[in-house]
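Please read it alongside the sequence and the structure shown here.

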Amino acid sequence: MAFPTLTPSKRNFNPGDFPIKVYRSQSGSETRMLMGSKRTGMRLSLVYSNITDAQAETFLDDYAAQNGTYKAFDINSSVKTGWDGNSDALDSSDQWRYESAPVVTQVQKGISNVQVNLVGVL
């Protein structure tokens with residue numbers, strides 16, 4: 001199953017950081033070593049507001065299809081719709097996986113909000 005193709009109402013992106021090893025001496029001075037050329041620890045939080053319960057269920061179905069937080073997957077271009085910045089930032093991860101289960105909040109009968117938290121996987 002593919003990640004749902006809905007456009008998020010809100011997104012929050014944390015670009016992570018490059019892997020760095022820090023060595024501290026007893027005097028307090030430190031040496032920092034860059035341990036890789038790609039950022040790790042990227043986080044993407046997506047909110048889908050006022051969608052139908054059937055649309056909300058597609059996120060729960062996809063979460064189950066990915067075996068929860070186990071499998072990595074590609075996100076589709078609809079996740080970036082409305083983002084006017086450089087899309088390379090959101091493309092910096094090869095794939096994504098669920099950080100936790102999607103949270104569905106019912107707004108009214110038949111209408112829900114869904115929050116999805118993803119982690120970048122190299």
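A residue counts as buried under 20% relative accessible area, as exposed over 50%, and as partly exposed in between. Phe 18 has 35% relative accessibility and is therefore partly exposed. The model discussed here is predicted.

**Overall form**

- The C-alpha trace of the protein chain spans about 65 × 30 × 25 Å along its principal axes.
- Of the 122 residues of the protein chain, 27% count as buried.
- The accessible surface of the protein chain comes to about 7,400 Å², and carbon and sulfur atoms account for 48% of that surface.
- When contacts between residues at least 6 apart in sequence are considered, 69% of them join residues at least 24 apart.

**Strand pairing**

- Strand β1 pairs with strand β4 (residues 43–52) in the antiparallel sense, over five bridges; Asn 14 stands opposite Arg 43 in β4.
- Strand β4 also pairs with β7 in the antiparallel sense, here over eight bridges. Thr 52 stands opposite Ile 111 in β7.
- Strand β7 (residues 111–121) is in turn an antiparallel partner of strand β6 (residues 103–108), over five bridges. Val 104 stands opposite Val 114 in β7.
- The hairpin of β6 and β7 has two residues between the strands, and Gly 110 in this hairpin takes a positive phi near 85°.

- Which strand holds Ser 112? Ser 112 is found in strand β7.
- With a relative accessible area of 3%, Ser 112 is buried.
- Setting aside residues up to four places away in sequence, Ser 112 touches Tyr 48, Ser 49, Asn 50, Ile 51, Asp 53, Ala 56, Val 104, Thr 105, Gln 106 and Val 107.

**Nonpolar surface**

- Phe 18 is placed in the loop between β1 (10–14) and β2 (20–24).
- Together with Ile 20 and Leu 34, Phe 18 makes a nonpolar surface patch of about 270 Å².

**Salt bridges**

- Side chains of opposite charge can pair when their charged atoms come close.
- How many salt bridges are counted? The count comes to three.
- Arg 24 forms a salt bridge with Glu 30, with the closest N and O atoms 3.3 Å apart. Arg 24 is exposed at 63% relative accessibility, whereas Glu 30 is partly exposed with a relative accessible area of 37%.
- Arg 32 also forms a salt bridge with Glu 30, with the closest N and O atoms 3.2 Å apart.
- Glu 99 and Arg 43 meet through their side chains in a salt bridge, at 2.9 Å from N to O. Glu 99 lies in the loop between β5 (95–98) and β6, and Arg 43 lies in strand β4, so this pair ties together parts that are 56 residues apart in sequence.
- Glu 99 counts as partly exposed at 37% relative accessibility, and Arg 43 counts as partly exposed at 34%.
- Through shared partners, salt bridges join Arg 24, Glu 30 and Arg 32 into one network.

- Asp 94 is found in the loop between α1 (53–65) and β5.
- Is Asp 94 buried or partly exposed? Asp 94 is partly exposed, with a relative accessible area of 45%.
- Leaving aside neighbours within four places in sequence, Asp 94 is in contact with Lys 38, Asp 74, Val 121 and Leu 122.
- Asp 94 and Pro 4 are 90 residues apart in sequence, and their C-alpha atoms are 18 Å apart in space.

Definitions and conventions
Residues numbered from 1 in each chain as written. Predicted model: local features only at pLDDT ≥ 70, side-chain atom pairs only at ≥ 80, totals over all residues. Heavy atoms only, no water. Patch = residues over 30% accessible without salt bridge, like charges linked within 9 Å, V, L, I, M, F, W, Y side chains within 5 Å. Areas by Shrake-Rupley, 256 points an atom, 1.4 Å probe, with all protein chains shown as cover. Salt bridge = Lys/Arg side-chain N within 4 Å of Asp/Glu carboxyl O. Helix = DSSP H or I, 4+ residues; strand = E, 2+ residues; numbered from the N terminus. Buried < 20%, exposed > 50% of the residue type's maximum accessible area, 1.4 Å probe, protein only. Pairing = 2+ DSSP bridges. Contact = heavy atoms within 4.5 Å.
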